[in-house]
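Thank you all for coming. I would like to talk through some side-chain contacts, so please have the sequence and the structure open as I speak.

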Amino acid sequence: MGSLDNMTKPFESSPDMENFLCERLLDPTQPISERFRALFSLRNLKGPGPRNALISATKDSSNLLAHEAAFALGQMQDAEAIPALEAVLNDFSLHPIVRHEASYYLSFEHFAAEALGAIGLDGNIPMLKNSLVLDPAEEVRETCELALKRIEELKTSGDDNESSVVEKSPFMSVDPAAPTSSCSSVDELREVLLDEAKGMYERYAALFALRNNGGDEAVSAIVDSLGAKSALLKHEVAYVLGQLQNKAASAALSNILGDANEHPMVRHEAAEALGSIADDHSVALLEEFARDPEPIVSQSCEVALSMLDYERLGKSFEYLFMQAPVMQV
C-alpha cells in the first residue's frame, strides 16, 4: 500500500484502513485537520469499529471534533448508535454545539444522511420534549423544537422517503426543514425569515426556499438574517451562504467570524462558509483567525485551510470519498 496521504482516488475499505482511520481520529497528537480527514472517511463506513470510534470522539476535548462525530453518527443509520446519541443529548457537561447535533438526529427515521435508521419517531418524542423544556442551552432547545416540528410534518405527510427530500434540494443536501412550498415571493420569504415571532421551523423553511431561489435579492435577504437573535438560525444561515458560495456574503460572514461575542457555533459556520467562497480576502481571514483563542473557531479555520490546500493540489481531503448527501442542522 502506498502513502495514504498521496491517494487521490476512491478505494474499497479494508480492516487495516479501518483501523488506521479509527486510530487517526482518536489520536490527540494529530493535527485537527488530519483527525477530520479520518472522521469524514469513517462516516461512510458501517460496523462496530467506525461506530465505536465516533462514539468515543463525541467526548473528545475538541468540541468541534465532538460535534462533527455526533453529526457523522447520525449519517451512519446504525441503530446501535442510538444510546450513544441519547447520552450525548442528556450530558449537560458537553458543549451545546455537540448536544445540538445529537438532539436533531434522534428525531428521524429512514434518512440516510445524518439521521438514524430504525429509530421510531414516536419513541423519541418524549425525550425531545423533555430536552425542549429542561435543557439549559437555548440552541439545543430550539433544535428540539425544530426536530419535533419535522416529526409532526413527516407523520402528517407520510413522507419519510429520503430520496424525495433530497430531490427538493439542488444542493444535494437533506435539509432540516422542507423549503416553503407555496408560491411565496422573495419579499414574503424574507419577511418570514426575519420575523422573530415566527417559529423556528417556519423560518428554516423560508431560508431554504430563499436558498433554492438563489437570486441576488434572495441572497441579500439571507445575509440580512445574520442579524437574528437565534444562534441556531444564524449558524444555519452561515451554512447556507457557504452552499451558495456567493461573494456578496463575504463581508457579513467576515464580520461574524471576527466578532468575539458571537456564539462559537455561528463563527464556526462562518469560517467554513468563507472557506467555500475562498477568495483572497476570505483565505486571509481564515489564516488570521486560525489563531483565535476560541478553539471551535481556530480549529474550523485550520480545517477549512487544509481542505483548500488539498483542493488546490487536486486531491481529496478525505481518505474515502463521501458517498451520500448530508444534512446540516
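Which residues do ring pairs link into a cluster? They are Phe36, Phe40, Tyr310 and Phe317, where rings of Phe, Tyr and Trp (its six-membered ring) pair if their centres lie within 6.5 Å, with planes under 30 degrees apart counted as stacked, over 60 as edge-to-face and the rest as tilted.

Before going on, a word on the basis: this is a predicted model, in which local features need pLDDT of at least 70 and side-chain atom pairs count only at pLDDT 80 or more, while totals for chains, interfaces and linings use all residues. Residues are numbered from 1 along each chain as its sequence is written, and side-chain values use heavy atoms, with hydrogens and water left out.

The structure holds five aromatic pairs. One of them joins phenylalanine 20 and tyrosine 319 edge-to-face, at 5.3 Å centre to centre and 85° between the planes. Because phenylalanine 20 lies in helix H1 (residues 15-26) and tyrosine 319 in the segment after helix H17 (295-312), this pair ties together parts that are 299 residues apart in sequence; helices here are DSSP runs (H or I, at least four residues), numbered from the N terminus. Tyrosine 310 and phenylalanine 317 also form an edge-to-face pair, with 5.7 Å between centres and 80° between the planes.

As for burial, we call a residue buried under 20% relative accessible area, exposed over 50% and partly exposed in between (1.4 Å probe, protein chains only). Tyrosine 319 is buried at 4%, tyrosine 310 at 13% and phenylalanine 317 at 8%.

Arginine 37 then leads us to the salt bridges, defined by a side-chain nitrogen of Lys or Arg within 4 Å of a carboxyl oxygen of Asp or Glu. Arg24, Glu34 and Arg37 are linked in a network of these. Glutamate 34 is buried at 12%, and arginine 24 is buried at 17%.

Notes. Helix = DSSP H or I, 4+ residues; strand = E, 2+ residues; numbered from the N terminus.
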